[in-house]
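Visitor: I would like to take a close look at one part of this structure with you. Could you walk me through the side-chain contacts there?

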Amino acid sequence: VSNAIEKLVELGAMDEDNNDLTRLGNCLSCLSVSPEVGKMIIWSYVLGCSKSASSMAVAMSYKSPFIIPPPHMRRNADEARARISDGTESDQVTVLKVLQARDSFYKTQRQNQFFTYCRTNFVNVATIQMISDLRKNI
């Protein structure tokens, strides 16, 4: 409990003297993500990058959508992730790009092509769909 209180104080979500929630703490309590991720979401609105940041926040709060293939296919999976991420080596950026691809496929009524995209790039369709759905809750 003391570690949680210390973390909230460090984030500015709790008053150190009386353990009352600050205005930030009240805002964070409404979000269904960890306080750190919630603060990232709030700052993203201030900085004008909320859509991308909230997508990344949800992805960080849920399980990885990337499939761990059998050993003989791991090189292909690594190459697919590198291709999607444009060499950033960031799982969050890679998930964001998969979500953007998903949105593009769905916007143009090409859901079946998205399933092929996922299979080709070792992405779990159900997990990426769940992450996409969870974005609506933030």
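Visitor: To begin, is Phe105 buried or exposed?

Guide: Happy to take you through it, and please keep in mind that this is a predicted model. Phe105 is buried, because its relative accessible area is 14% and the cut-off for buried is under 20%. Its ring pairs with that of Phe114 in a tilted arrangement, with 5.9 Å from centre to centre and 50° between the planes. Phe114 is buried as well, at 0% relative accessibility. The ring of Phe114 also pairs with that of Tyr106: here the centres are 6.0 Å apart and the planes stand at 75°, so this pair is edge-to-face. The model has five aromatic pairs in total.

Tyr106 leads us on to the charged side chains. The charged end of Arg102 sits over the Tyr106 ring, 4.0 Å from the ring centre. Elsewhere, Arg81 lies over the face of Phe66, at 4.1 Å from the centre of that ring.

Arg102 also belongs to a network of salt bridges, together with Asp103 and Arg135. Arg135 lies in helix H8 (residues 125-135) and Asp103 in helix H6, so their pairing ties together parts that are 32 residues apart in sequence. Arg135 is buried, with a relative accessible area of 17%, whereas Asp103 counts as partly exposed at 23%.

Lys97 meets Asp86 with an N to O distance of 3.2 Å. Asp86 lies in the loop between helix H5 (74-85) and helix H6 (91-107), while Lys97 is in helix H6, so this pair ties together parts that are 11 residues apart in sequence. Asp86 counts as exposed, at 58% relative accessibility, and Lys97 as partly exposed, at 26%.

One more salt bridge deserves a stop: the side chains of Lys136 and Asp133 meet at 3.6 Å, N to O. Lys136 is exposed at 66% relative accessibility, and Asp133 is partly exposed at 39%. Altogether, the count comes to six salt bridges.

Terms used
Residues are numbered from 1 along each chain as its sequence is written. This is a predicted model: local features need pLDDT of at least 70, side-chain atom pairs count only at pLDDT 80 or more; totals for chains, interfaces and linings use all residues. Side-chain values use heavy atoms; hydrogens and water are left out. Rings of Phe, Tyr and Trp (its six-membered ring) pair if their centres lie within 6.5 Å; planes under 30 degrees apart count as stacked, over 60 as edge-to-face and the rest as tilted. Buried means under 20% relative accessible area, exposed over 50%, partly exposed in between (1.4 Å probe, protein chains only). A charge sits over a ring if NZ of Lys or CZ of Arg is within 6 Å of the ring centre and within 35 degrees of the ring normal. A salt bridge is a side-chain nitrogen of Lys or Arg within 4 Å of a carboxyl oxygen of Asp or Glu. Helices (H or I, at least four residues) and strands (E, at least two) are DSSP runs, numbered from the N terminus.
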